[in-house]
Amino acid sequence: MIQLTVGFILDLLIGDPDNPVHPVRIIGKMCSSLESIFRKLLKNNLKTAGFIVWLLTVAITFFITYMLVYMCNKANIYLGIIAQGILIYFCISSKGLIVEGFKVINYLIKDDVEKARHQLSYIVGRDTKSLDKEGIIRAVIETIAENMSDGVIAPLFYAGIFGAPFAMAYKAVNTMDSMFGYKNDKYMEFGYFPAKLDDIFNYIPARLTGVLIVISSFLLKYNYKNSYKIYKRDRYNHTSPNSAHPEAAMAGALNIQLGGSNYYFGKLVVKPTIGDKIKEIEIGDVNRTAKVLYLSSFIGFLLSLLINFLVQFILR
């Protein structure tokens with residue numbers, strides 16, 4: 001429980017560090033290396049190749065993290081606490097989401113739409129060159145809301161179950177989905193299992209995030225009734241079984257409409273909308289989104305402590 005607290009506080013204070021030795025970057029490099037090997041070995045069965053890469057990456061990540069924590073604990077209990085706290089910190093990105101979002105918004109505040117579009121292209125997959133001001137703000141809110149689940153609540157959830165090893169294993173699952181989970185010629189077969197297994201691992205956290213957003217909107221005196229209404233109605237309005245849960249709750253809380261069709265690699269992809277357009281989207285909605293994220297993260301942190309307590313009680 002102390003390790004969870006250390007990790008959560010470090011994230012709030014420091015945010016997501018941009019350095020080449022970040023564990024998630026190391027996981028990404030391992031994924032790429034294993035992909036190259038198994039694409040050649042199983043070039044006629046890419047689904048199996050993708051599953052083996054997934055299994056090896058998760059197992060290696062879990063084992064290395066577990067052994068690192070174990071050795072630090074054996075050396076000194078305080079070293080073990082610090083090491084596991086730092087590893088959990090690397091898995092959480094609540095401040096990082098806000099920082100990246102406001103890098104985009106700060107250009108809009110200066111009325112520099114072109115630079116805002118360029119900055120947005122670093123954090124979204126859609127084409128940004130033709131987005132207007134409202135489209136840019138909508139994309140930022142969607143990105144923050146969607147990533148609340150896999151960037152904050154899910155790592156806390158898994159860290160609560162079994163500390164840094166589970167949290168880091170989850171980040172491996174999530175990293176492989178972001179690398180291989182594309183529905184194109186290259187990854188349609190190879191990325192099949194990484195994408196499906198990521199959906200499974202995010203099933204509970206995504207729904208938990210939606211509920212936490214409703215609770216946070218109540219505590220912040222936003223439109224919590226509409227947040228719950230839109231969450232129940234639109235939580236499946238996405239190609240992913242999980243992504244729309246936090247987006248729907250957020251759209252309802254802010255009385256705005258998210259989702260809808262966008263261009264990806266020059267091709268229009270038709271998607272359903274999420275929420276009702278009770279009011280126009282404005283820059284202030286990003287500030288409100290940030291408040292919901294921080295409060296939801298804090299409640300999620302408390303919940304992870306409770307999960308950890310229950311797990312320890314059961315295992316005794």
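**Entry 1: helix 1 against helix 12**

I looked up which residues of helix 1 touch helix 12, with contact meaning heavy atoms within 4.5 Å. Leu-4, Thr-5, Phe-8 and Leu-12 of helix 1 meet Tyr-294, Ser-297, Phe-298, Phe-301, Ser-304, Leu-305 and Asn-308 of helix 12. I sorted this contact by class and found seven nonpolar, four polar and no charged residues. Nonpolar here covers Ala, Val, Leu, Ile, Met, Phe, Trp, Tyr, Cys and Pro, charged covers Asp, Glu, Lys and Arg, and polar covers the others, Gly among them.

I note that the model is predicted, that local features need pLDDT of at least 70, that side-chain atom pairs count only at pLDDT 80 or more, and that totals for chains, interfaces and linings use all residues. Residues are numbered from 1 along each chain as its sequence is written, and side-chain values use heavy atoms, with hydrogens and water left out.

**Entry 2: the angle**

I then checked the axes (lines fitted to C-alpha atoms over the stretch in contact, with angles from 0 to 180 degrees between N-to-C directions). Helix 1 (residues 2–14) and helix 12 (residues 284–315), both DSSP runs of H or I with at least four residues, have axes that come within 10 Å and cross at roughly 165°. The two helices are therefore roughly antiparallel, a term for angles over 145 degrees.

**Entry 3: a pocket**

Helix 7 gives the most, five residues.

Key. Angles under 35 degrees count as roughly parallel, over 145 as roughly antiparallel, 65 to 115 as roughly perpendicular and the rest as oblique.
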